[in-house]
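Please have the model open while reading.

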Amino acid sequence: MNEGRNWYKKGIRNGIPIGLGYFAVSFTLGISAKKAGLSAVQASVMSLAMLASAGQFAGISMIAAGAGPLELIVTTIVVNMRYLLMSSALSQKVRQDKPFYHRFLMAYEVTDEIFGVSVAVPGRLHPAYMYGAATAAVPGWVLGTFLGAVIGMVLPVRVMSALNVALYGMFMAVVIPPSRKSRIIAGVVALSMAASAAFSLIPGLKEISSGFRMMILTIVLAGAAAVLFPVKEEKEEESHVR
Amino acid sequence: MSGKIWISLLIMFLTIYSVRALPLTLLKKEIKSPFIRSFLYYVPYVSLSVMTFPAILSATSDVRSGLAGFVAAVIFSWIDGNLFKVSIGACLAVYVAELFL
């Protein structure tokens with residue numbers, strides 16, 4: 001019991017920067033939801049239910065365009081397909097001794113950021129850690145959306161600008177420390193960034209949406225790394241983040 | 001209009017939740033294949049790196065402050081991988097950089 005509580009607290013601690021970043025990012029979401037004809041309540045419920053930035057922007061523009069159910073389903077799947085990969089990775093990371101229903105609860109909070117902190121946990125993942133991270137992160141997302149829809153931009157540009165990098169900072173805190181210990185991981189990280197930069201510059205490739213780019217590059221590069229540098233069991237248990 | 005929006009939201013919620021829940025609930029057992037295990041091991045490193053760069057450069061109001069945030073995040077994570085500190089450090093670096101821009 002105590003163990004769960006400790007993991008929950010740890011999750012909250014690491015969820016705080018996610019919440020701050022979410023708060024900043026979700027303002028624009030609220031603003032564009034309002035423009036598309038959603039009420040502030042609808043925009044907030046959408047944020048609470050979907051927890052997805054690109055996915056929600058796509059959703060908002062589809063609602064504005066009066067899209068039908070099939071179109072909504074197909075676009076939502078395509079824009080959010082990367083969560084299939086993240087959810088697969090988590091399925092192998094989560095502790096096997098916990099009741100099965102936890103997997104249904106964990107699925108709700110598979111976002112880029114909560115996934116990022118959850119895979120970085122040393123050893124197996126206790127579901128309570130994800131719940132903690134979500135407890136700290138989700139209010140930021142919903143509140144930012146609500147305020148964005150009701151009053152528009154309230155924070156000074158400079159503060160917004162600074163908060164916008166909070167989430168990226170966290171991603172670096174997940175991938176850089178293991179890169180220090182392993183040259184293979186360092187190479188994978190550097191190559192991933194270089195490939196991503198190339199995709200954002202090269203005509204033809206840069207038209208691909210960022211969510212899809214991530215999917216393609218992850219399948220290709222993680223696949224190549226798995227062939228070239230198969231991982232031995234004990235390495236998977238290495239700790240990453242304090 | 002409002003009723004149609006609620007229905008649209010419900011459809012999207014059910015779809016996105018299914019995308020997230022299917023692998024977690026279907027892949028109950030430990031995967032034995034060394035290839036798939038290795039693949040899933042590398043997934044976070046590739047996906048988080050791809051998401052960060054070069055997106056971080058356009059996340060702030062100026063490319064230079066975005067770059068400052070990126071460099072600060074890398075340096076802070078190299079020295080001390082604490083998520084909270086790295087994240088706040090990157091924000092501060094951007095804030096300070098923009099005071100000079």
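A residue is buried if 20 or more other C-beta atoms lie within 10 Å of its own, exposed if 12 or fewer, and partly exposed in between, with C-beta atoms placed from the backbone. Helices (H or I, at least four residues) and strands (E, at least two) are DSSP runs, numbered from the N terminus.

This is a predicted model: local features need pLDDT of at least 70, side-chain atom pairs count only at pLDDT 80 or more, and totals for chains, interfaces and linings use all residues. Residues are numbered from 1 along each chain as its sequence is written, while chains are lettered from A and ligands numbered from 1 in the order in which they are written.

Start with helix 5 of chain A. Ten of its twelve residues are buried, so helix 5 of chain A is largely enclosed by the rest of the structure. Among the buried ones are A:R82, A:Y83, A:L85 and A:M86. Their cover includes helix 6, helix 7 and helix 12 of chain A, together with helix 1 and helix 2 of chain B.

Now the interface. In contact (C-beta atoms, placed from the backbone, within 7 Å) are 63 residues of chain B and 84 residues of chain A. Helix 2 of chain B gives the most to the side of chain B that touches chain A, with 18 residues.

Confidence comes last. pLDDT is the predictor's confidence in each residue, from 0 to 100. The complex has an ipTM of 0.89 and a pTM of 0.82 from the predictor.

| Part | Mean pLDDT |
|---|---|
| Chain B | 91 |
| Helix 2 of chain B | 89 |
| Helix 3 of chain B | 95 |

Methods
Two residues are in contact if their C-beta atoms, placed from the backbone, lie within 7 Å.
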